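Have it open beside you and follow along.

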Amino acid sequence: MERITITRDDQRISPDDQWMGPGHERVDPDHRRLVLALGAACESGDPAAVAATLHPAVTLLIDRGRHADPLPATAHGVAASTVLLLALFDDLAAAGPATPPATGPATRPAMSIRERSVNGCAGLLVTRDARAVAVLTAATAPTAAGPAIRTLWIVTSPAKLQHWNAPGSLPG
Amino acid sequence: MSHVIRDTDARPGLLWSDSDHRTDMPSVQKGLAVTKRTAGPDADADAASVADAAADPAPAAELAPADDRASVAGQAADDLAQATEVFSAVRRRLFGIAYRMLGTVSEAEDIVQDVWLRWQTCDRSAVLDPPAFLATATTRLAINVLQSARSRRETYIGPWLPEPVNTDDDPALGAERGEALGFAMLLLLEKLTPTERAAYVLREAFDYPYPQIAQIVQLKEPATRQLVSRARKHLAGEKRIAVESAEQRRLLTAFLQAAQQGDVTALEALFASDVVSYSDGNGVKLAARIPILGRHRVAQFIAAFSSHFWQGKTIEWVELNGQPAVALAEDGVVTTALTLTPGDEGIRQVMWMMSPAKLTRVTAASA
């Protein structure tokens with residue numbers, strides 16, 4: 001399964017890049033760094049890296065719309081949130097039951113995670129096969145060891161992602 | 001705006017191309033009929049009540065005599081072009097208002113569309129301040145939609161979240177500042193009444209003066225000021241709880257770290273001088289039934305069992321009585337719950353809950 005590292009319009013970015021245009025001067029650099037780190041960790045499926053970005057009292061909320069799912073829609077605390085987050089990204093990356101061609105290996109559509117400005121701050125857009133499948137936004141809070149992600153909101157409901165699929169909202 | 005519309009049967013199908021939203025405007029001859037995109041059951045605003053609640057368009061002007069029709073038709077096209085220009089100039093702001101009111105892009109777009117239709121068909125010569133007129137129509141429509149949306153949101157399966165909006169091109173989404181735009185804020189705004197929310201959004205995000213807000217929400221100015229003040233207090237209350245919780249979590253985190261390491265100095269630094277440690281031990285091991293008093297004694301007491309107490313225990317964050325707390329579990333069973341009470345000087349109270357009866361409540365809280 002092909003996974004692509006976090007990009008901004010096909011350009012590899014690091015948290016120090018000042019890509020955001022006019023009006024984004026007040027972007028919170030810590031918040032952005034954490035969101036990008038979380039995205040990279042979810043992309044690589046690394047639980048320790050995910051947990052490293054999370055506040056001890058983190059809450060994860062997923063809005064799936066009417067889509068039924070065996071996975072829970074909320075999680076509290078680092079352990080449960082890490083597990084649910086990685087399970088969610090596994091789901092997003094999978095094509096569902098793979099249909100193998102007559103010969104050769106089954107292929108899965110590529111999932112990519114891109115940085116976007118979501119509701120005024122750094123967020124993540126997850127696409128599979130160029131369709132938006134999730135948008136993620138987060139709030140941070142201080143801990144003894146520095147800021148960490150305190151609340152994670154993920155929208156996977158297709159009805160709520162319609163305009164993220166509109167022409168021009170995704171590169172290429 | 002000095003033109004008078006003389007021919008109400010204006011040519012249909014004026015195309016208004018908008019890069020963000022709509023392209024094909026319906027014929028003016030359809031009047032105020034609201035065309036909705038096909039949407040699921042989640043997005044069925046009541047068109048009739050929406051039409052009623054909006055600012056009334058002024059009655060249409062008279063028809064010109066037949067021999068002036070040619071020049072009048074040309075003039076009507078100019079009027080519409082000018083109307084389009086005026087609307088386009090404020091369209092971002094109208095969307096910014098509607099989005100902050102509803103927390104959804106689809107419904108906000110529908111409202112902007114409705115206002116556009118209204119703007120096309122009303123007697124614009126009678127409108128002294130088009131941006132104000134348009135903002136008023138937008139806000140009132142949003143208030144109405146919000147009222148009918150509430151019950152839908154309450155019966156939503158799973159967490160209801162706002163529709164995320166792409167702010168790459170416009171970080172403040174049509175407003176003076178990015179107020180009331182993040183998810184945390186939008187979810188807090190859900191707790192306000194529609195009118196409170198409108199007054200708050202217009203004031204905090206768009207800097208509208210109070211007299212204008214009063215006119216939009218149809219209240220007297222003192223009542224409007226009270227509305228904004230009440231909304232601010234309500235939101236500040238929610239924020240304060242969040243901040244206090246954050247502070248408590250911070251202390252708990254630091255406490256846990258120091259306790260697990262048996263670091264007496266670090267523990268003392270966290271405590272107020274008259275800190276008390278309570279336990280409702282019930283005879284369970286390690287539980288001192290007599291409260292322990294004083295910074296030094298409590299620090300020593302906690303450091304004393306640091307080597308073995310924490311082993312094999314998982315630490316989970318929970319909420320007890322609306323306060324952040326920590327649940328310690330062994331093999332998935334909660335055996336201890338811990339809460340701290342902060343004071344100005346430091347932690348004033350450490351409470352260890354080991355009574356099984358109380359702990360079932362903790363397990364339920366964390367589920």
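This is a predicted model: local features need pLDDT of at least 70, side-chain atom pairs count only at pLDDT 80 or more; totals for chains, interfaces and linings use all residues.

Residues are numbered from 1 along each chain as its sequence is written, chains are lettered from A and ligands numbered from 1 in the order in which they are written, and side-chain values use heavy atoms, with hydrogens and water left out.

**Entry 1: salt bridges within a chain**

I took a salt bridge to be a side-chain nitrogen of Lys or Arg within 4 Å of a carboxyl oxygen of Asp or Glu.

I looked up Glu190(B) and found it buried, because its relative accessible area is 18%. Its salt-bridge partner is Arg197(B), with the closest N and O atoms 2.8 Å apart. Arg197(B) is buried too, at 0% relative accessibility.

Next I turned to Glu196(B), whose side chain meets that of Arg230(B) in a salt bridge of 2.9 Å, N to O. What does this pair tie together? Glu196(B) lies in helix α6 (residues 194-204) of chain B and Arg230(B) in helix α8 of chain B, so the bridge links parts that are 34 residues apart in sequence. For helices I used DSSP runs of H or I with at least four residues, for strands runs of E with at least two, both numbered from the N terminus. Glu196(B) is buried at 6%, whereas Arg230(B) is partly exposed at 46%.

Asp69(A) is partly exposed at 24%, while Arg64(A) counts as buried at 7%.

I found Leu84(A) in helix α3 (residues 78-93) of chain A. Is it buried or exposed? Leu84(A) is buried, because its relative accessibility is 4%. Contact here means heavy atoms within 4.5 Å. Leaving aside neighbours within four places in sequence, Leu84(A) is in contact with several residues, including Leu60(A), Ile62(A) and Leu71(A). Ile62(A) is 22 residues away along the chain, with 9.9 Å between the two C-alpha atoms.

Ser112(A) sits in strand β5 (residues 111-118) of chain A and is buried at 8%. Its side chain makes a polar contact of 3.2 Å with the side chain of Arg114(A). By polar contact I mean a pair of N or O atoms within 3.5 Å; within protein, one must be able to donate a hydrogen and the other to accept it, and residues adjacent in sequence count only if both atoms are side-chain atoms.

**Entry 2: where chain B meets chain A**

I saw 30 residues of chain B in contact with 38 residues of chain A. The area buried between them is about 2,800 Å², and carbon and sulfur atoms give 56% of that. Buried area is the accessible area (1.4 Å probe) that two parts lose on being put together, summed over both. Leu161(B), Pro164(B) and Asp168(B) supply 21% of what chain B buries against chain A, more than any other three residues.

How many salt bridges count between chain B and chain A? I found one, joining the side chains of Arg116(A) and Asp168(B) at 3.7 Å, N to O.

Notes: Buried means under 20% relative accessible area, exposed over 50%, partly exposed in between (1.4 Å probe, protein chains only).
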